[in-house]
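Below are some notes for a colleague who is meeting this structure for the first time.

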Amino acid sequence: MRTLTDLTTPASASSDTADTPRHAPAAKGFSGSAARHESAVKHVTGRAAYIDDLALPADALHLAVGLSPVASGRITGLDLSAVRSAPGVVDVISVADVPGHTDIGPVFPGDPIMADGEVLYAGQVIFCVAATSHRAARQAVKKARLEIDEVEASLDPVAAAEAGDVVRPTHRQQSGDWEAALAGATHVIEDEQFVGGQEHFYLEGQACVVHPTEDEGVMVHTSNQHPSETQKLIAEVLGIPFHAVTVEVRRMGGGFGGKETQASPWACLAALIARRTGKSCRVRLPRAEDMKVTGKRHPFHNRYRLGVDEQGVIQGGDITVIGDCGYSPDLSEAIVDRAMFHADNAYSLGQARVTGHRARTSTASNTAFRGFGGPQGMMVIEAAMEDIARRVGEDPLTVRKRNLYRQGRDQTHYGQTVDQITLLHDLIERLETSSDYWSRRQAITEFNADSPVIRRGLALTPVKFGISFTAQHLNQAGALLHVYTDGSVMINHGGIEMGQGLHTKVCQVVARELGLDLEAVRISASRTDKVPNTSPTAASSGADLNGQAARDAASKLKSRLFDFAAERYQLDRQDMRLEQGELIAGIGGSERRIAWGELIQDAYLGRVSLSEKGFYATPLIHYDRASGSGRPFYYFAYGAAVAEVALDTLTGEYQVDRVDILHDVGDSLNPAIDVGQVEGGFIQGMGWLTSEELKWNERGQLTSFGPATYKIPAYGDLPATFNVELMQGHPNSMASIYRSKAVGEPPFMLGMSVWCALRDALASLTDYRQAVRLDTPATPERVMAAARLARKLHESRAGGTP
C-alpha cells in the first residue's frame, strides 16, 4: 500500500551542527526513529480513557441542551416549567442564570453562551437541563414550550459580502500594479468557484466532565484543543479567578480544529451547573446535535482574474475570496487571512491583489479545520492552473512547473520571501519521475480517445504551506520536566494529544536530549496548573512549539547535571555527554562512565534540583495588517501528489485508482507517525473535495447531520495503489526542532490532486481544449452535470458556434 524508506532508521542528519548533538544518540526510541505511538497498545485494547470512560460519583448529573429550531428570529416566549418538573431533573438554566460573562467569543465578541432574546442560527443553545441520567435530561428538553418570531435567514454569503454584512472588516494584500499586469497580458483567465465546507466528524464527540472543588472553583476534564482558553472562559462565566479553574486533557478522540474554540461552551455550561448544584456534571452531545450546533470548515466563494503570457506564465491579476463565516467572528479573521496567504499555493502571482471578505450568515459559526483556510485559498490557483493549461494548449503539469516560485520570482504577494525553492522543484521532479507521469499521461490520452463513456484523468499538484500561527502571540509554548530519584522522567507540556502522535514525539525529544531509552520517559495529561497560558494545539505547530519547550527544559537540566558532575566526580565539563543511559566524560583511556541512575541519586543527595521548566517562542515572524505585508510564517512545508481517476461520464460515478505522494517533513521526528499523518491528511482532504457534502434547507436548518446523509471516505474509497514517501536529505532551513517540519496540516491539501484529476478527465470530453467548472464537493451529481456541459461545449466548438 505504501512505499517508505526504512522506517527503523533515523531521518537524515542535519548539516547544521548548532542544532544537532555533538555525539549522535544511540538510545532506543530517540527522536528521529520510528517509535510507536505512546498510547498505541491502549488504543487497540480499549484501555485508553476518553471523557466518556471517566468514572463519576453516584450523584453526578447529566446535561442536555434545548436548541433553536429556527435560524433567525426573536424569542417571544419560553416556558420551562414542565422541564423543571420532569422526572430526574435537578436544574434548568438559561442565559439569565449566568453570574458572569454571557459572551464567550474566543477572540472577538459575538458568541452568547445561550440565546439572549435573539436567535442567530438553527441549533443555537437556548437552555440547558441537568438530570440524574442522560436519558432523563434529553426527555425533559422536549417538554419546553418555545415561541420564536421567525424572520428570513441570511444564507447567501456572496450577497452578504456585497451588502457589507461581514463579521470582520475586509482585508487586502497587494504586490505591484495588478491592473497594468492584466491590461498587458496576452491572455486573461477568469472564473468563479464554490468550495464546500466540511464537518469535522471526530470519533469522540464534544464531551466534558466537570467536578466542583472545595473552594469556588472547578476541575474540568474535556476533549479540547485549547485548555487555557476554556479555563479563561469558564472563569469569566462564573465570575471567579483563572486560578480557581483547572482544565485537564489526557487525549482526544480527534479534533481537526473542531475543538479549538467550540469545545469551550459545553465546559462552561457544565461548570455553571456544577457550581450551582455542588455536583459533578457530564456533557456528551449526540452526533446529530453535535453536527447541528457546531461550526464547520468555512465554505468559500472564490473569483479569479489572471493575466498570463503566451507560455501560460502568470503576470498578475485579481483574486477575491469570500468566506462563509456563519453568525459570529469565531476564528474567521485569521482563517480568511490564511486563505489569502495561500491563494498562491506554490506559484508566483506576479503583480497581484488578493481580497478577503468575511461574510455573515445565519448558520453555526464556522471555525478552524485542518488547514485553517489554506486549502480553500489554494483551490483558487489550482483551478486557474487547469484553466490556463487548456487555454494555451499545454499539459497542466507543464504550466504548473513554469509558474512555480523560482529565482527572480521568489516573493509572495504579502512580501515574504519563499526559501528552499530548490527543494520545491526537486520534490516535484522526483515525483514526476517516480510516478511515471508522462508515460501514464500518454496511455491515458490514448485510452480516452477510444473510450466513449469511461474517461481517465491524471494530475500532479504541489503544496506550499506556511507554518506558524498567524496571530503572533500564539507562537509560544511551555514545558515542565521532572526527574525522579530512580532516574525515571516525567514530561508535561502545553500541547494536546488528539491521536497525531504529539506526546510520542515530545517524549522522543526528551529521551534524545537526556540520552535515555524512550521507555524511561513518560508523559502526563496536559493541565493548566502544570503549564499555564498555553496556545491551542493547532496550526501544525504542536511538535514545533512544544518539542522546543521540552528540549529547552531538558537542555537546562542536563547543563545543571553536568555542572554538578564536574564538581562531584572531578571530571572535565567540556567533553561531557549523555548517551545510552550514562554520563560519559573524556575520551579514550581517560573516559569515565557513570550510570544515569547513579548520577541522579548523587545529584539528589547533593541537593541539585531535578525539575526544570522550558519555554520557546518562534522567532522572526511578523505581519503588518495595515500594509498587508510581512513574514507571517517561520517556514514553508512542501509536498506533491499524483492522482489517477476513472469516471463514468454518464452517471458521474468515479474511483481513485492510484495515488503517489512525496512529502517534505525536513528531518522527521518520527517517520512512522509522519507517514500516518500524510496518509490520513490526504484521505481527509480527498473526502472534503469529493463526497462530504453539507446541506441546509431554505430555513437554514442543517439536513446532513449524520453518517446516513454525510459521507466521509470509507475503506472502499482508498486508492487501490497508494504510494507514500517522505522526502529525504532536505532538513528544514530554519532552526526548528532537530530541523524537522510540521506534518499535521500540509498533507491535507494533497487531496487537491484528486479534484484536479477529475477535471482532467472531464477536459478530455473537449479534446483537452477547455476546462470545465467543477465546484466541490465533486459528488457524482456535480460530475455528471459537468460532463454534460463538457459535451455541449465540445459540440458547440465542433459546430462552429463561438
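**Pocket and cavity linings**

1. By class, 15 nonpolar, 11 polar and seven charged residues make up the lining of the second largest pocket, where Ala, Val, Leu, Ile, Met, Phe, Trp, Tyr, Cys and Pro count as nonpolar, Asp, Glu, Lys and Arg as charged, and the others, Gly among them, as polar.

2. The model is predicted, so local features need pLDDT of at least 70 and side-chain atom pairs pLDDT 80 or more, while totals for chains, interfaces and linings use all residues. Residues are numbered from 1 along each chain as its sequence is written, and side-chain values use heavy atoms, without hydrogens and water.

3. The second largest pocket holds about 780 Å³ of space, and among its 33 lining residues Pro106, Val107, Ala471, His473 and Leu474 are the closest to its centre. On a 1 Å grid over the protein atoms alone, a pocket is an open set of points with protein on both sides within 12 Å along at least five of seven lines, a cavity is a set where a 1.4 Å probe fits but cannot get out, and lining residues have an atom within 4 Å of a point. A volume is the space filled by probe spheres set on the points, which are joined across faces, edges and corners.

4. The largest cavity has a volume of about 280 Å³, and the closest to its centre of its 20 lining residues are Asp111, Tyr121, Gln262, Pro265 and Tyr327. Its lining has 12 nonpolar, six polar and two charged residues.

5. The second largest cavity has about 90 Å³ of space, and its lining divides into six nonpolar, six polar and one charged.
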